[in-house]
Amino acid sequence: MMAVAHPKPGLRPYLAEDAPLLAQIFRASIEELTTEDYSEAQQQAWAAASDDEAAFTARLGKQLTLVGTLNGSPIGFITLEGPEHIDMLYVHPAAVGQGVGTLLFGAVEKLATARGASKLIVEASDSATGFFEQKGFVAQKRNTVLRGDEWLANTTMEKKLTAKGSNP
Ligand SMILES: CC(C)(COP(=O)(O)OP(=O)(O)OC[C@H]1O[C@@H](n2cnc3c(N)ncnc32)[C@H](O)[C@@H]1OP(=O)(O)O)[C@@H](O)C(=O)NCCC(=O)NCCS
């Protein structure tokens, strides 16, 4: 029997042709990974953000978007909006728990730090606050946001960045 290598998480820059696949990952991630925290109506209203392909492609294209891969296939993505705001971080349900989220976040943290950002901010879904806490984020405030006809709760979380090697 042939040995199957443990899939190795990888990273690459986003290309415009990735958008349809990333839209599918976005939807699958919301539908399967947030069930404990949001109603089906809330999940559908949230996932609908990727239905307008042109708008979703434009959103990915104007942010700093990185694609996470397993064995070379895209299975997650992160976007940094401006210097310090993480807008999206989604990993496909079939690929969670294998370090892809960590790899994506670590790359954005390094980039933001190198560009001189003093902090990172995210409006974390209730399904992702544990992940961001593990990465050193601290909850700042609870929010309620309107998506379509549905109100969804999230938490603004912040992580202070320290520029390594710089002299204060
Ligand atoms: C949050 C998310 C991106 C994490 O991706 P991932 O690839 O599974 O993350 P990793 O495998 O790198 O996990 C890193 C660590 O975080 C932990 N972790 C992941 N999700 C967690 C959660 N919801 N609560 C607590 N810990 C969590 C893992 O157990 C792991 O810990 P370990 O290193 O000690 O094993 C993914 O679960 C996801 O897409 N969630 C749904 C979409 C969502 O809510 N996105 C955020 C919108 S702001």
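Helices (H or I, at least four residues) and strands (E, at least two) are DSSP runs, numbered from the N terminus, and two strands pair if DSSP finds at least two bridges between them. The model is predicted, so local features need pLDDT of at least 70 and side-chain atom pairs count only at pLDDT 80 or more, whereas totals for chains, interfaces and linings use all residues. Residues are numbered from 1 along each chain as its sequence is written, and side-chain values use heavy atoms, with hydrogens and water left out.

**Sheet architecture**
- An open sheet with mixed pairing is formed by 7 strands, ordered β1-β2-β3-β4-β5-β7-β6.
- Its edges are β1 (9-13) and β6 (138-147), each of which pairs on one side only.
- Direction ignored, neighbouring strands of this sheet are turned by 30° against each other on average; axes are lines fitted to C-alpha atoms, for helices over the stretch in contact, and angles run from 0 to 180 degrees between N-to-C directions.

**Helices on the sheet**
- Helix α3 (residues 53-62) packs on the sheet and touches β2 (64-70), β3 (73-81) and β4 (85-91), contact meaning heavy atoms within 4.5 Å.
- The direction of α3 makes about 120° with that of β4.
- Helix α4 (residues 100-114) lies across β1, β2, β3, β4, β5 (119-125) and β7, and runs at about 150° to β2.

**Pairing of β7**
- Strand β7 (residues 150-160) is joined to β6 by 9 bridges, and the two run antiparallel.
- Val 138 has Glu 158 in β7 as its bridge partner, and Val 145 stands opposite Leu 152 in β7.
- The hairpin of β6 and β7 has 2 residues between the strands, and Gly 148 takes a positive phi near 60° there.
- β7 also pairs with β5 in the antiparallel sense, over 7 bridges; Lys 160 in β7 is the bridge partner of Lys 119.
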